[in-house]
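Here is a colleague's note for someone meeting this structure for the first time. Please keep the sequence and the model open while reading.

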Amino acid sequence: MKLTAEISMYPFKENYIEPIQWFIDRLDSYEHIERKTNAMATQICGDYTVVMNMLAIEMQAAHEKWGKAVFVVKFIGGELDLSHTQ
């Protein structure tokens, strides 16, 4: 089964861009994950288990490296076309 998720990261840092870019770069290291980022959030799509495991690993890594950060994630079961625009 596929899973699509939209993630927003809100680091408790004045220089918030650096941790966000670091997180996005880490998501890109997963070969079978599709990613699109816009000014508000990052959307990812892939195998359900792979996406959930990736998020657990990478959110923990972000907290360990950068300290406090809020992650807001929305999930929808299934695969969405991340290139869709209206």
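The numbered points below go from the sheet to its helices, then to one residue and to a pocket.

1. On the basis of the note: this is a predicted model, in which local features need pLDDT of at least 70 and side-chain atom pairs count only at pLDDT 80 or more, whereas totals for chains, interfaces and linings use all residues. Residues are numbered from 1 along each chain as its sequence is written, and side-chain values use heavy atoms, with hydrogens and water left out.

2. On the sheet: four strands, in the order β2-β3-β1-β4, form an open sheet with antiparallel pairing. Strands (E, at least two residues) and helices (H or I, at least four) are DSSP runs numbered from the N terminus, and two strands pair if DSSP finds at least two bridges between them. Because β2 (34-37) and β4 (69-77) stand at the edges with a single partner strand each, one side of each is left without a neighbour in the sheet. From one strand to the next, the twist averages 20°.

3. On the pairing of β1: this strand is joined to β4 by nine bridges, the two running antiparallel, and it pairs with β3 over six bridges, also in the antiparallel sense. Towards β4, Ile 7 stands opposite Val 73 and Ser 8 opposite Val 72, while in β3 the bridge partner of Leu 3 is Gly 46.

4. On the helices: α1 (residues 17-27) packs on the sheet, where it touches β1, β2, β3 (42-47) and β4, and its direction makes about 160° with that of β1. Helix α2 (residues 48-66) also packs on the sheet, touching β1, β3 and β4, with its direction at about 135° to that of β3. Contact means heavy atoms within 4.5 Å, and angles, from 0 to 180 degrees, are taken between N-to-C directions of lines fitted to C-alpha atoms, for helices over the stretch in contact.

5. On burial: seven of the ten residues of β1 are buried, where buried means under 20% relative accessible area, exposed over 50% and partly exposed in between, with a 1.4 Å probe and protein chains only. In α1 the buried residues are Pro 19, Trp 22, Phe 23, Ile 24 and Leu 27, and what covers them includes β1, β2, β3, α2 and β4.

6. On Thr 4: where does Thr 4 sit, and is it buried or exposed? Thr 4 is found in β1 (residues 2-11), and it counts as buried because its relative accessibility is 4%. A polar atom of its side chain lies 2.8 Å from the backbone oxygen of Gly 78. Leaving aside residues up to four places away in sequence, Thr 4 touches residues including Ile 44, Cys 45, Phe 75 and Leu 82. Thr 4 and Phe 75 are 71 residues apart along the chain, yet their C-alpha atoms are separated by 5.9 Å.

7. On α1 and the pocket lining: α1 gives the most to the lining of the largest pocket, with six residues. A pocket here is an open set of points on a 1 Å grid over the protein atoms alone, where a 1.4 Å probe fits, with protein on both sides within 12 Å along at least five of seven lines, and lining residues have an atom within 4 Å of a point.

Technical notes
A polar contact is a pair of N or O atoms within 3.5 Å; within protein, one must be able to donate a hydrogen and the other to accept it, and residues adjacent in sequence count only if both atoms are side-chain atoms.
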